[in-house]
Amino acid sequence: MALSLRQIFQHQTIAELASVASFAEAVRAEQGIVTGPVPLTAIQRWFLERDTEAPHHFNQAHLLVTPPHLDPAGLRGAIGELLRWHDALRLRFFKEPTGWRQELVEPDRAIPFTHEDLSALPAESWHAAIEARASELQASLDLTQGPLLRAALFQGSDDQPGRLLFIIHHLAIDGISWRILLEDLQTLLDQAARGEPLQLPAKTTSFKQWAERITAPAHLEALTAELPYWQTLADRTILPLPCAGQPDQPSLAGSVAHLRLSLDAVETNALLHELPGALHARINELLLTALARALSLWSGENTGAFLIDLEGHGREELFEDLDISRTVGWFTALYPVALDAVAEAAWPAGALQGVQERLAAIPKNGIGFGLLRHQLDTPSRHPPTSEISFNYFGQYDALLGESNRFTLATEAIGPTSDPRARRSHLLELNGFVGAGMLHWDWSYDPCRHHADSIQCLGEHFLVAFREMIQYGLKLAPFGQPTGDASSTNLDGDDLDALLAELS
């Protein structure tokens, strides 16, 4: 999870996220500076209770290409306003004999922003200088004293656009929060450029109020009704991952390796716009079905189940008087799901139906699992620990929005986690759509899994997805109305190319 940009890339715009909460207009949120103690949420406990090395180094970060003539003073003021307006960026964490606690503090006069002039560097040294400085900043956050945010503007020469680096500790942010922050940053910079007072849209429910409500004893007591469902996972026959190398050695962040595999633009278009209608399935259901098939072929198993930890956005509409559509914080829900191994006879229709039924049975999109496990001391049989995490971020290109003048940079920005930290999962799958293509990053430990073995697993996944495309073609040929014909971009040449590839 540490390298992730968790749920950053949901399909909705921020305006659409706000409209999802039909009750938002009736919610009256605190508009002043929110301070004071805040209950730890389940996902925060999940991280802090792991007692990792260097807990201060567990970040999410973005490097942006800046628009021309960006004013450093205006940028500094905008960052100060973000820290004032979005309370979670002012969280502080304290480790005590009884455990961790968190508190919201007043805005600090010192703004964690640096302006570094790299215009004198030759072009071949530019990227290395940014990575070196970014690596220093990644390790510089302080959970107790602050800050939890670092921003650095790297100024280039006249023909070299600058770079803006944002680093925020994961305890204070998730993917949807990034989209809120970056839209607000653009709004503030536009106001500063016009000489207007800095003014952001009204606050929604504070992270403090949300944490208090979701961890309230009455709410937790109501969640105990979900215990029988989660306990059934403890009775399943869970298949271990094929493993080579040194299974008894801890898997550390500094040893992780990556494999990036991608679907082409035509296949990605099928995933986003054609298959959901043709197969009456959500994108996550299609991807998890392909994963179940790939794991079955990779392991040679066709009975039992693979236990997967799924990540959801966690921003469920649980309380009619709360609206967190524009609230910054870490809301992620992390919960297990058992994917049945896929026998040849069940592929693909039976496998897809099984995944859909499994996901539909999960109470409230999994948000209760972490609360029951980390907030309540319930005498229960816990599911075994999952070796795999799965997160589909959605469309990466939507992170900045169409009106934002920043673009995403490609330079390396150093490790987001301390290299000594123990990894939470042996195999981490992170997918996103960028530049019209679906990309999957397979993170693994070479001491546990050989590169050619992970390559084989990844190729099984791509083949399984392509077989689902072929199956969908038989049910509803592409180009004919399915569920979203208005957004389909396949022309005749695209269709010919897709049919040629599938054949």
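Which residue in β13 does Tyr392 stand opposite? Tyr392 faces Gly431 there.

1. Basis. This is a predicted model, where local features need pLDDT of at least 70, side-chain atom pairs count only at pLDDT 80 or more, and totals for chains, interfaces and linings use all residues. Residues are numbered from 1 along each chain as its sequence is written, and side-chain values use heavy atoms, leaving out hydrogens and water.

2. The sheet. Six strands form an open sheet with mixed pairing, in the order β8-β14-β13-β11-β9-β10. Strands are DSSP runs (E, at least two residues), as helices are (H or I, at least four), numbered from the N terminus. Two strands pair if DSSP finds at least two bridges between them. β8 (257-262) and β10 (333-340) are the edge strands; each has a single partner, so one side of each lacks a neighbour in the sheet. Neighbouring strands are turned by 25 degrees against each other on average, direction ignored.

3. Pairing around β9 and β11. Strand β9 (residues 305-312) runs antiparallel to β10, joined by eight bridges. β9 also pairs with β11, in the parallel sense, over three bridges. Asp309 has bridge partners in both: Pro336 in β10 and Ser389 in β11. β11 and β13 are parallel too, over six bridges.

4. Nonpolar cores. A nonpolar core is a set of buried Ala, Val, Leu, Ile, Met, Phe, Trp, Tyr and Cys residues joined through side-chain atoms within 4.5 Å. The largest has 124 residues; Leu185, Leu291, Ile308, Phe390 and Trp442 have the most contacts inside it. Helix α10 (residues 283-299) gives the most to this core, with 10 residues. Apart from it lies another core of 15 residues, including Ala61 and Ala409.

5. Helix packing. α9 (residues 265-279) packs against α13 at about 50 degrees, with axes 10 Å apart. Axes are lines fitted to C-alpha atoms, for helices over the stretch in contact, and angles run from 0 to 180 degrees between N-to-C directions. Contact means heavy atoms within 4.5 Å. Among the residues that meet are Leu271 and Leu275 in α9, and Phe465 and Ile469 in α13.

How values were computed
Buried < 20%, exposed > 50% of the residue type's maximum accessible area, 1.4 Å probe, protein only.
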